[in-house]
Amino acid sequence: MQFMKFAVVGIISFAVDWALLVFLVELCHADYLLSTTISFTASVILNYALSMHYVFDHRDDMSRKREFTIFAILSAVGLGLNDVFMFVGVTVLNIAYQAMKVIATFCVTWYNFFSRKKFLAG
């Protein structure tokens with residue numbers, strides 16, 4: 001059940017990530033990698049708020065400041081993985097950035113769930 005809640009939050013976050021990425025690349029003509037970083041960061045902020053409210057219980061032995069710090073560190077690793085996947089897929093393998101975003105998101109989602117469950121779940 002917890003993973004299902006995580007998946008719903010993830011779908012909402014992905015929609016924001018995807019829409020912002022396409023907006024920045026197609027309408028603002030921004031670089032796909034810079035756009036990926038910006039859209040991922042925006043979706044992580046939304047994901048944090050939704051995840052900590054609907055998916056994971058707050059740990060009584062952890063302050064909100066420490067909780068957010070751990071979340072930010074785990075998310076920075078996720079961002080790094082996302083950007084590496086995007087760079088390799090788009091620049092090296094010549095996969096369209098939209099398709100590669102789906103692949104990268106699928107891969108990073110597993111890292112996000114298990115790392116957050118281990119370090120943040122109550």
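Is Lys 101 buried or exposed, judged by relative accessibility? At 0% relative accessibility, Lys 101 counts as buried. The model described here is predicted. Lys 101 takes part in a salt bridge with Asp 17, and the structure holds 1 salt bridge. The points below begin with that pair and then turn to the helices, a nonpolar surface patch and the cysteines.

**The salt bridge**

- The partners are Asp 17 and Lys 101, whose closest N and O atoms are 2.9 Å apart.
- Asp 17 belongs to helix H1 and Lys 101 to helix H4, so the pair ties together parts that are 84 residues apart in sequence.
- Asp 17 has 3% relative accessibility and therefore counts as buried, since the cut-off is under 20%.
- Lys 101, at 0%, falls under that cut-off as well.

**Helix H4**

- Helix H4 covers residues 97-119.
- Its 23 residues should span 33 Å at 1.5 Å a residue, and the end C-alpha atoms of H4 are 31 Å apart, which agrees.
- The buried residues of H4 include Tyr 97, Met 100, Lys 101, Ala 104 and Thr 105.
- Further along H4, Val 108, Asn 112, Phe 113, Ser 115 and Arg 116 are also buried.
- The cover over the buried residues of H4 includes H1, helix H2 (32-55) and helix H3 (64-92).

**Helix H3**

- Helix H3 has 29 residues and reaches 40 Å from its first C-alpha to its last, close to the 42 Å expected at 1.5 Å a residue.
- Among the buried residues of H3 are Glu 67, Ile 70, Phe 71, Leu 74, Ser 75 and Gly 78.
- The buried residues of H3 also include Asn 82, Asp 83, Met 86, Gly 89 and Val 90.
- H2 and H4 are included in what covers the buried residues of H3.
- Just after H3, Asn 94 takes a positive phi of about 60 degrees.

- Thr 36 is found in helix H2, and at 0% relative accessibility Thr 36 counts as buried.
- Leaving aside residues up to four places away in sequence, Thr 36 touches Leu 21, Asn 82, Asp 83, Met 86 and Lys 101.
- One of these contacts, Lys 101, is the salt-bridge partner of Asp 17.
- Met 52 also lies in helix H2 and is buried, with a relative accessible area of 11%.
- Met 52 and Met 86 are 34 residues apart along the chain, and their C-alpha atoms are separated by 27 Å.

**The nonpolar surface patch**

- Met 1, Phe 3, Met 4, Phe 106, Trp 110 and Phe 114 make a nonpolar surface patch of about 710 Å².
- The elements that give two or more residues to this patch are helix H1 (2-27) and helix H4 (97-119).
- Helix H4 gives the most, with 3 residues.
- Phe 3, a member of the patch, lies in helix H1.
- Phe 3 is partly exposed, because its relative accessible area of 31% lies between the 20% and 50% cut-offs.

**The cysteines**

- The structure holds 0 disulfides.
- Cys 28 has a relative accessible area of 42% and is partly exposed.
- Cys 107 is partly exposed as well, with a relative accessible area of 33%.

Conventions
Residues are numbered from 1 along each chain as its sequence is written. This is a predicted model: local features need pLDDT of at least 70, side-chain atom pairs count only at pLDDT 80 or more; totals for chains, interfaces and linings use all residues. Side-chain values use heavy atoms; hydrogens and water are left out. A disulfide is a pair of cysteine sulfur atoms within 2.5 Å. Buried means under 20% relative accessible area, exposed over 50%, partly exposed in between (1.4 Å probe, protein chains only). Patches are made of residues with over 30% relative accessible area and no salt bridge: like charges are joined within 9 Å, nonpolar side chains (Val, Leu, Ile, Met, Phe, Trp, Tyr) within 5 Å. Accessible areas come from the Shrake-Rupley method with a 1.4 Å probe; for residues, only the protein chains shown count as cover. A salt bridge is a side-chain nitrogen of Lys or Arg within 4 Å of a carboxyl oxygen of Asp or Glu. Helices (H or I, at least four residues) and strands (E, at least two) are DSSP runs, numbered from the N terminus. The expected span of a helix is 1.5 Å times one less than its number of residues. Contact means heavy atoms within 4.5 Å.
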